[in-house]
Amino acid sequence: MRNATALRPLATDPLLDALRAIVGPDHAMRGEDAPGALVDILQRHPGRARAVVRPANAEEVAAVVRLLAAERVPIVPQGGHTGLAGGGTPDSSGAAVVLSLARLNRIRDLDRDNDTVTVEAGVILDTVREAALAADRWFPLSLPSGGSCTVGGNLATNAGGTQVVRFGNTRALTLGIEVVTAEGEIWNGLRGLRKDNAGYDLRDLYIGSEGTLGIVTAATIKLFPLPAAHQTAFLKVSGIATVIALLRHARQGFGAALTGFEIVSAATWRLVAANAPEYRLPFAAEADDDHWYVLIETADEDSEAHGRERLETVIGAALEAELADDAVVAESLAQREAFWAVREHGLGEAQKRDGWNAKHDVSLPISRIPDFIAETGAALQTEFPGVRVLVHGHAGDGNLHYHVARPEGVGPEYWETHEHALRALVYRAVTARGGSICAEHGVGQLKVDALPDYKPPLELALMRRIKTALDPHGILNPGKVLAR
Ligand SMILES: Cc1cc2nc3c(=O)[nH]c(=O)nc-3n(C[C@H](O)[C@H](O)[C@H](O)COP(=O)(O)OP(=O)(O)OC[C@H]3O[C@@H](n4cnc5c(N)ncnc54)[C@H](O)[C@@H]3O)c2cc1C
């Protein structure tokens with residue numbers, strides 16, 4: 001027989017009951033019952049939440065927002081939870097409700113003539129790419145996290161990825177959006193229009209706002225014709241200035257066919273060889289090597305043979321002009337995938353096994369990349385002797401993932417004393433060259449305190465006015481992008 005204490009019902013939060021009344025009993029839970037939702041993928045921003053709620057459609061999202069707005073409960077939108085800036089996790093107060101968009105996972109419409117697909121916010125990015133492929137169309141947004149991140153998260157962070165050099169980032173791929181406002185209204189802006197100058201561009205205001213202005217529930221995005229073939233090559237290049245000259249050569253030679261221009265520094269290359277040997281490098285990693293490794297991809301509309309011929313011509317000319325010292329062209333799909341596996345997974349895996357490092361996702365005018373690399377590397381060695389600079393990135397977009405690892409033989413406690421000053425050095429070097437301290441991952445919590453030091457005060461003031469206009473009670477993702 002069970003005693004009376006065991007039979008007594010657990011005290012419940014009336015807010016949780018109200019949320020369950022909207023989304024059903026299985027889709028609202030206490031924060032502590034959904035621990036995965038409370039910490040980011042890099043485990044840098046743990047938090048607590050009063051509840052986690054998973055509405056099924058835009059109407060339920062709106063009803064949840066109206067309920068929470070009435071009680072001034074902070075809302076943290078969450079998609080695939082792959083964000084790298086801590087934007088999708090709650091703070092430590094336990095006051096917020098995490099609103100997951102995962103169940104908004106329908107593809108609503110694919111319009112072949114308009115070359116658009118309308119998808120809900122929780123649809124996984126790779127699912128959109130597959131749906132496009134099934135309709136003989138191409139959706140070019142491509143991220144290493146594509147198997148987990150969502151379209152809503154892509155829009156909220158204005159994600160970039162590996163095809164930006166030709167197609168632009170998520171903003172450039174988006175024609176229309178549906179948004180639930182901070183008051184819980186549904187704005188249907190799902191217009192599949194390529195021209196629409198009827199007033200202010202609200203779509204572009206919401207894109208990249210990291211859940212601080214509204215909750216994206218669906219989007220109409222552009223599709224493209226399927227290329228006849230892709231060509232992929234790795235090149236070995238001496239020096240970052242030559243990399244930039246090679247980029248100019250590739251743009252000229254490939255024109256619109258150039259879809260990817262990714263770079264990896266020699267130190268990063270060596271780290272992959274040492275720490276993640278399961279990723280086979282097309283060039284051996286050598287000690288004291290200071291080459292850069294460039295992954296070039298083209299997408300050719302004409303034919304496989306034409307694409308291949310052009311690739312060989314352009315790369316041949318690059319070798320002749322000493323813009324590259326060596327080149328390996330992928331001969332099969334398996335080899336192409338192996339090249340991309342190095343870029344998309346090998347670099348990250350090797351660094352993970354090396355231990356935590358200070359990651360900077362920055363962008364620069366492409367012409368300033370060489371002096372940024374040379375001078376920042378030297379300044380870091382002066383101020384923080386022995387640190388290891390590990391660079392890779394989307395050089396075709398001026399976007400560097402500039403990671404700094406602690407000196408060999410030093411423990412993780414190194415960061416307790418040095419992280420802040422080291423980041424400031426890198427950010428100052430970026431800003432001095434007209435760059436941005438947030439290229440594609442967003443501000444989130446990671447850079448919210450740094451932003452005011454690197455953005456003009458008027459720009460921040462204008463952002464605050466927009467925030468106040470669209471979220472007057474400050475309930476949408478507080479503490480992200482703009483400090484409270
Ligand atoms: C291995 C790896 C590689 C990556 N590579 C890239 C890369 O190449 N390029 C790149 O840009 N990013 C990259 N990322 C970062 C990440 O995948 C992207 O930022 C992605 O767009 C986030 O989508 P998500 O659905 O996971 O969003 P989440 O992480 O859930 O959320 C990200 C932000 O968006 C907000 N948000 C989420 N959904 C909505 C919504 N529906 N409405 C309003 N706000 C919302 C959240 O509150 C948060 O602020 C990478 C991440 C990993 C782990």
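## A tour from the ligand to the domains

Start by selecting Val216 together with the ligand: a backbone N or O atom of Val216 lies 2.9 Å from a nitrogen atom of the ligand. Keep in mind as you look around that this is a predicted model.

A polar backbone atom of Gly211 is 3.5 Å from a nitrogen atom of the ligand. Next, pick Ser145, where a polar side-chain atom lies 2.6 Å from an oxygen atom of the ligand.

How much of the ligand does the protein bury? Taken alone, the ligand exposes 970 Å², and the protein buries 91% of that.

Now show the residues around the ligand. There are 35 of them, and Pro77, Thr82, Gly83, Ser145 and Thr150 come nearest.

Time to zoom out and colour the chain by domain. The domain assignment gives domain 1 as 107–225, domain 2 as 227–353 and domain 3 as 355–441. The contact between them takes eight residues from domain 1 and five residues from domain 3. The C-alpha centres of domain 1 and domain 3 lie 31 Å apart.

Together, domain 1 and domain 3 bury about 430 Å² between them, with 46% of it on carbon and sulfur atoms.

Three residue pairs are in polar contact, while the rule finds zero salt bridges.

Technical notes. Residues are numbered from 1 along each chain as its sequence is written. This is a predicted model: local features need pLDDT of at least 70, side-chain atom pairs count only at pLDDT 80 or more; totals for chains, interfaces and linings use all residues. Side-chain values use heavy atoms; hydrogens and water are left out. Domain bounds come from an automatic or database domain assignment. Contact means heavy atoms within 4.5 Å. Buried area is the accessible area (1.4 Å probe) that two parts lose on being put together, summed over both. A salt bridge is a side-chain nitrogen of Lys or Arg within 4 Å of a carboxyl oxygen of Asp or Glu. A polar contact is a pair of N or O atoms within 3.5 Å; within protein, one must be able to donate a hydrogen and the other to accept it, and residues adjacent in sequence count only if both atoms are side-chain atoms. A residue is near a molecule or strand if one of its heavy atoms lies within 4 Å of it. Accessible areas come from the Shrake-Rupley method with a 1.4 Å probe; for residues, only the protein chains shown count as cover.
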